[in-house]
Amino acid sequence: MRHLAQIQRHPQSTQLQLVFVAQEQPDGSWLIHDQGDRPSMVYSQTEFAVGALVLIQLDKQRQLASIQDATEWLLNVVHHYFVPGKITPEFVQQEQKK
């Protein structure tokens, strides 16, 4: 399952952590985690800077299987859904029917 996470520094230590912001659901929609109730896990690599948004994949044991920068993915979402003319009343009605 895919997750959108942010690299953060743990408040009580110098350790980095992945804070889960959202989780992809089986139907392709995304569940947004509440600010105060976001799961996290230790992140020991230094590939990404603190504050970076990343897409992660966990394996069956809930261990980090893959991680990638989320910038291009987020830009694609914005381009696909939030540019003028993309979200029309007709589009909304079609999506509601699904």
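1. His-33 is buried, with a relative accessible area of 12%; buried means under 20% relative accessible area, exposed over 50%, and partly exposed in between (1.4 Å probe, protein chains only). His-33 sits in the loop between strand E3 (30–32) and strand E4 (40–42). Helices (H or I, at least four residues) and strands (E, at least two) are DSSP runs, numbered from the N terminus. Apart from neighbours within four places in sequence, His-33 is in contact (heavy atoms within 4.5 Å) with Phe-20, Val-21, Ala-22, Gln-23, Arg-38 and Pro-39.

2. On the basis of the model: this is a predicted model, in which local features need pLDDT of at least 70 and side-chain atom pairs count only at pLDDT 80 or more, while totals for chains, interfaces and linings use all residues. Residues are numbered from 1 along each chain as its sequence is written, and side-chain values use heavy atoms, with hydrogens and water left out.

3. Overall fold. The protein has two helices and six strands, which follow the pattern β-β-β-β-β-β-α-α along the sequence. Its radius of gyration is 16 Å, well over the 13 Å that the globule rule gives for 98 residues, so the protein is more spread out than a compact globule. That radius is taken over C-alpha atoms, and the globule rule is 2.2 Å times the number of residues to the power 0.38. Along the principal axes, the C-alpha trace spans about 50 × 25 × 25 Å.

4. Burial and surface. Buried residues make up 24% of the 98 residues. The protein exposes about 7200 Å², of which carbon and sulfur atoms supply 51%; accessible areas come from the Shrake-Rupley method with a 1.4 Å probe, and for residues only the protein chains shown count as cover. Of the contacts with a separation of 6 or more, 36% are between residues 24 or more positions apart.

5. Core. The largest nonpolar core has 13 residues, and those with the most contacts inside it include Ile-7, Leu-18, Tyr-43 and Phe-48. Such a core is a set of buried Ala, Val, Leu, Ile, Met, Phe, Trp, Tyr and Cys residues joined through side-chain atoms within 4.5 Å. Strand E1 (2–9), strand E2 (16–24) and strand E5 (53–58) each give two or more residues to this core. Beyond its sequence neighbours within four places, Leu-18 is in contact with residues including Ile-7, Pro-39, Tyr-43, Val-54, Ile-56 and Ile-67.

6. Salt bridge. A search of the whole structure finds one salt bridge, defined as a side-chain nitrogen of Lys or Arg within 4 Å of a carboxyl oxygen of Asp or Glu. The side chains of Arg-2 and Glu-24 form it (3.0 Å, N to O). Arg-2 lies in strand E1 and Glu-24 in strand E2, so the pair ties together parts that are 22 residues apart in sequence. Arg-2 is partly exposed, at 25% relative accessibility.

7. His-10. This residue is in the loop between E1 and E2 and is partly exposed, at 28% relative accessibility. Leaving aside neighbours within four places in sequence, His-10 is in contact with Gln-15 and Gln-17.

8. Nonpolar patch. Val-78, Tyr-81, Phe-82, Ile-87 and Val-92 make a nonpolar surface patch of about 440 Å². Patches are made of residues with over 30% relative accessible area and no salt bridge, with like charges joined within 9 Å and nonpolar side chains (Val, Leu, Ile, Met, Phe, Trp, Tyr) within 5 Å. Phe-82 lies in the loop between helix H1 (71–81) and helix H2 (89–97) and is exposed, with a relative accessible area of 60%.
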